[in-house]
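These are my notebook entries on one protein chain. I record what I looked up, entry by entry.

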Amino acid sequence: MHNIEFIKKELDEQGVVVIPGFFDPALIQKLQAAAKQIFQIQFDHFGIQGDYLSQMVQLFENHIDEFINCGKLIQTGLVELYQIAVHPDLVQLMHEIGMKVPNMCTRPVLFFNHPSLAKSEHFYKTPLHQDWVSMLSSADSVVVWIPLMDVEVAHGPVVFYPGSHKLGPLTDKIDNGFAEVPFDRNSYPRLQPELKAGDIAVFSTLLVHESGVITNNEIRWSCHFRYTNMLDPDFIERGFPHPYIHKPSQELIDKFLKKK
């Protein structure tokens, strides 16, 4: 059992709380295996050999379209990812922290971060940012961050700045998909928890945070979900704004269907 009063107190005061052993590690390992299998299908198709990181790098360097498509399909339809996002225990937690009607306000996201699998730094190491600006969700909306493996500091897990959520929105701009913020790292405590598979970190969407630095040679596998409170009066008054746009690519459709 989790101490819900402690969780609510930490979210209110610190803006972040780590809950050890929230999920059965086997459930999380099943999700990671399912994500890896999507890439493995293309490894087998192209005859790519080696350890898993080597295979990922070869796919990224030699078959970038297929690499990107694997990532897209994991985000949009990996059954095991959505099963975690709507897991009864997680939905119940949202209820217990005060969301009578929780709603996922963005699609689930699954990350596979490594410097060798990115064309620029922001694809594997997020800058100082707040999530709320890109969501315009309820004031009490939260992110649930879940590592799909045991993560140590060398894996570059998320760095949080407890208490910074009380500053409110610090920017109105989105750059490279992130609401980067002007923020003095020395003005707030720094928290970079090491989590085991099955642990989760829940934090306010207004909390300033960033990726840590990957100093080992392993892919950091993680996922996160964002939940908003549909009964938040301010969110209702604003008319439930939803900044994300999901639409098909005509360029890609033309590539496969347009007659030459």
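Entry 1, start of H1. I looked up the beginning of helix H1 and found a side-chain oxygen of Asn 3 within 3.2 Å of the backbone nitrogen of Glu 5. I count a polar contact as a pair of N or O atoms within 3.5 Å; within protein, one must be able to donate a hydrogen and the other to accept it, and residues adjacent in sequence count only if both atoms are side-chain atoms. Helices (H or I, at least four residues) and strands (E, at least two) are DSSP runs, numbered from the N terminus.

Basis. The model is predicted, so I note that local features need pLDDT of at least 70 and side-chain atom pairs pLDDT 80 or more, while totals for chains, interfaces and linings use all residues. Residues are numbered from 1 along each chain as its sequence is written, and side-chain values use heavy atoms, without hydrogens and water.

Which residues of H1 (residues 4-13) are buried? I list Ile 4, Ile 7, Glu 10 and Leu 11, where buried means under 20% relative accessible area and exposed over 50% (1.4 Å probe, protein chains only). These residues lie on the same side of H1 because they cover an arc of only 125 degrees around the axis, taken from the directions from the helix axis to the C-beta atoms. On the other side, Glu 5 and Asp 12 are exposed. The buried residues pack against strand E1 (16-19), helix H6 (88-96) and strand E8 (200-204); contact means heavy atoms within 4.5 Å. After H1 comes Gly 15, with a positive phi near 85 degrees.

I found that the axes of helix H3 (residues 52-62) and helix H4 (residues 64-77) come within 5 Å and cross at roughly 120 degrees. Axes are lines fitted to C-alpha atoms over the stretch in contact, and angles run from 0 to 180 degrees between N-to-C directions. Met 56, Leu 59, Phe 60 and Asn 62 of H3 meet Ile 64, Glu 66 and Phe 67 of H4.

Beyond its neighbours within four places in sequence, I recorded contacts of Met 56 with Phe 39, Phe 43, Phe 67, Phe 112, Leu 117, Ile 219 and Trp 221.

His 87 lies in the loop between helix H5 (79-85) and H6. Its side chain reaches the backbone nitrogen of Asp 89 at 3.1 Å. Not counting residues up to four places away in sequence, His 87 touches Phe 23 and Leu 27.
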